[in-house]
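Here's a quick briefing to read with the model open beside you. Take it topic by topic and follow along on screen.

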Amino acid sequence: MGSLTLTAVTKSFGATHVIKGVDLEVADGEFCVFVGPSGCGKSTLLRIIAGLEDATSGDVVIDGRRVNDVPPAKREIAMVFQSYALYPHLSVRDNMGLGLKQSGADAATVKERVAAASAMLSLDPLLERRPAELSGGQRQRVAIGRSIVRTPKLFLFDEPLSNLDAALRVATRIEIARLHRELGATMIYVTHDQVEAMTLADRIVVLNAGRVEQVGAPMTLYNDPANMFVAGFIGSPKMNFLAAGPLGQPGKTLGIRPEHVAIDRGQGAIAATVSHVEHLGGETNVYARCEEHGLVAVRLFGEHRFEVDERVFLTPDPARGFHFAEDGSRLRV
Amino acid sequence: MSSARTSRSRSLAAHGILMLYTVIALFPVFVIIVNSFKSRRAIFAEPLALPTPATADLVGYRTVLSQGDFLLYFQNSLIVTVASLAAVLLFGAMAAFALSEYRFRGNTLMGLYLALGIMIPIRLGTVAILQLMVASGLVNTLLALILVYTAQGLPLAIFILSEFMRTVSPDLKNAGRIDGLSEYRIFFRLVLPLVRPAMATVAVFTMIPIWNDLWFPLILAPAEATKTVTLGAQVFIGQFVTNWNAVLAALSLAILPVLVLYLVFSRQLIRGITSGAVK
């Protein structure tokens, strides 16, 4: 099917360097998610893979073939866009079949493949409609269907769920995961939402300011972040960064996840004042302010009653802490 | 509209002002059409009166249809207007697409250069244009007019259309590229239908000055075979005697084709003018 290799890929727009040298291997059949804050270059990188942008330097190799000079349509890829990008003047059926028809397939093949994709995504009742007559969720399913029809080597998703509402986002996420299992195809998925990244990915590529910060399985990134950026980006609520000195810990910063901080009314390592409480039912997030460390998030499972302005004591579990040096790199002690 | 946001006096005032403007704008047209159906004596006796059985006279239309070759003039006007319009829309849209879609050195400069034409009237170059046409043997041909009008219409067309094309989703164009559509297919099948309202706006703004122009037909193509309607109507205006019946009838007839073209574009036009404002 399809593997992808990026070698020292860079991209500059004039004096602005958007991608500053990315090396990456994506194995055949892998679900790889690019995640990072907005402006980190993840979409640009995807567009370079798709051939919609030229890399300033470096090589893009799809399935053993260097495709730097190959136009998008000949790279055997399919792409799903955030804004769906369906052709407004074509019916759902023609939207899905257009790419295949353009590549010279005969009408019978197109019909058969469209039928198969439509069955897979239960689009049959919508086939004769125009995109304008569909809801957002249906449009995105059609866009996904359009990508399946071409049986590409590589599926590219550019923030496909960002325009959907929360419930639909979860449903479509599950659908994409199912699709990946059924098709066994290589998928590259760009998102800024770390929940999507964690739930879908075999491997996550964390990007920041045009560089790869870390590549790894979701749990590797969670349990063994390479630096402060990855530690802070993966996990919600975000990891607490405490001043290491006052706690008698090595390094400059002690990173500790909210679920690894104990909270107690009677005693503990850090005295703090509750400043905000979020009750989510299954879990309770308490934000407590203390002088040395600022706002510290504590994640408790189940329902807990804490009042704003209440005095509490926080105790980080030192065994679950991460130590970071001044420059944000991880200290392994 | 909800009654909470409307006040009777204010909407009356607004409608009053609009009605007044409509009357002022339509008055000359009304006078021309009404008088074209009257006898010469009646025109001068009571210019504002409607034609009555006593004053009604179709002599103007008879003169127009018998004297001179008005059918040919109409045909010339239509050929020039439609051909220029088609050229302006096609080349204007293509240039606008290139300016809005592709990054290349000098893109902004090129856009500014093309927009400069909006500010500099093409008539300043009349002498040079005439010399050019004489040198290339195009004097007294409709092609000369079509070329000049195309040049005249392009700057505004490019300016308006490139603004609109920037609003077309880049994802859509990219989806087309991934599906293997050529840049021409993307332009004609995906982008053009989406900027149709803007095209209609440009069409109307381009068409009317061309149809009404007297300057270039007079200078570049005054021959009998290439006369346009506006130029043809001038034969009835003399230094000492003017055949008002014929002039008014010719003008009334000249309104018709533009009116038809306008109606064709108007539904799109309203969307084009307002779409920038409300979205």
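Within chain B, seven residues of domain 1 are in contact with seven residues of domain 2. Keep in mind while you look that this is a predicted model.

- On the side of domain 1 of chain B that touches domain 2, helix H1 (8-36) and helix H2 (40-45) of chain B each put in at least two residues.
- H1(B) has the largest share of that side, with five residues.
- Sorted by class, that side of domain 1 of chain B has four nonpolar, two polar and one charged residues.

**Chain B: what the record says**

- An unreviewed UniProt entry annotates residues 74-265 of chain B as "domain: ABC transmembrane type-1".
- That span of chain B is 77% helix and 0% strand, and its end C-alpha atoms lie 20 Å apart.

**Where chain B meets chain A**

- Twelve residues from chain B and 17 residues from chain A make up this contact.
- On the chain B side, the elements giving two or more residues are helix H8 (170-178) and helix H9 (183-194) of chain B.
- H8(B) gives the most to that side, with six residues.
- By class, the chain B side comes out as six nonpolar, three polar and three charged residues.

**Chain A: the overall picture**

- Chain A has eight helices and 19 strands.
- Its C-alpha trace spans about 75 × 45 × 35 Å along the principal axes.
- Of the 333 residues in chain A, 40% are buried.
- Looking at contacts in chain A with a separation of 6 or more, 64% are between residues 24 or more positions apart.

**Chain A: two domains**

- Chain A is divided into domain 1 (4-230) and domain 2 (237-331).
- The C-alpha centres of these domains of chain A lie 37 Å apart.
- Five residues from domain 1 of chain A and eight residues from domain 2 of chain A form the contact.
- The domain 1 side of that contact in chain A has four nonpolar residues, one polar and no charged.

**Chain A: helix H4, inside and out**

- Helix H4 (residues 136-149) of chain A has 14 residues and reaches 20 Å from first C-alpha to last, close to the 20 Å expected at 1.5 Å a residue.
- Eleven of the 14 residues of H4(A) are buried, so this helix is largely enclosed by the rest of the structure.
- Among the buried ones are A:Arg139, A:Arg141 and A:Arg146, along with A:Val142, A:Ile144 and A:Ile148.
- What do the buried residues of H4(A) pack against? Their partners in chain A are strand E6 (77-80), helix H2 (92-102), helix H3 (107-120), strand E7 (154-158) and helix H5 (166-183).
- Just after H4(A), A:Thr151 takes a positive phi of about 40 degrees.

**Chain A: a four-stranded sheet**

- Four strands of chain A form an open sheet in the order E11-E12-E18-E19, with antiparallel pairing.
- Strand E11 (240-243) and strand E19 (330-331) of chain A are at the edges with a single partner strand each, so one side of each has no neighbour in the sheet.
- E11(A) runs antiparallel to strand E12 (residues 253-256) of chain A, and four bridges join the two.
- For a pair to find on screen, A:Phe241 has A:Gly255 in E12(A) as its bridge partner.

Key
Residues numbered from 1 in each chain as written. Chains lettered and ligands numbered in written order. Predicted model: local features only at pLDDT ≥ 70, side-chain atom pairs only at ≥ 80, totals over all residues. UniProt positions renumbered as here; feature names shortened; annotations may be inferred. Buried ≥ 20, exposed ≤ 12 C-beta atoms within 10 Å, placed from the backbone. Contact = placed C-beta atoms within 7 Å. Domains from an automatic or database assignment. Nonpolar A, V, L, I, M, F, W, Y, C, P; charged D, E, K, R; others polar. Expected span 1.5 Å × (residues − 1). Pairing = 2+ DSSP bridges.
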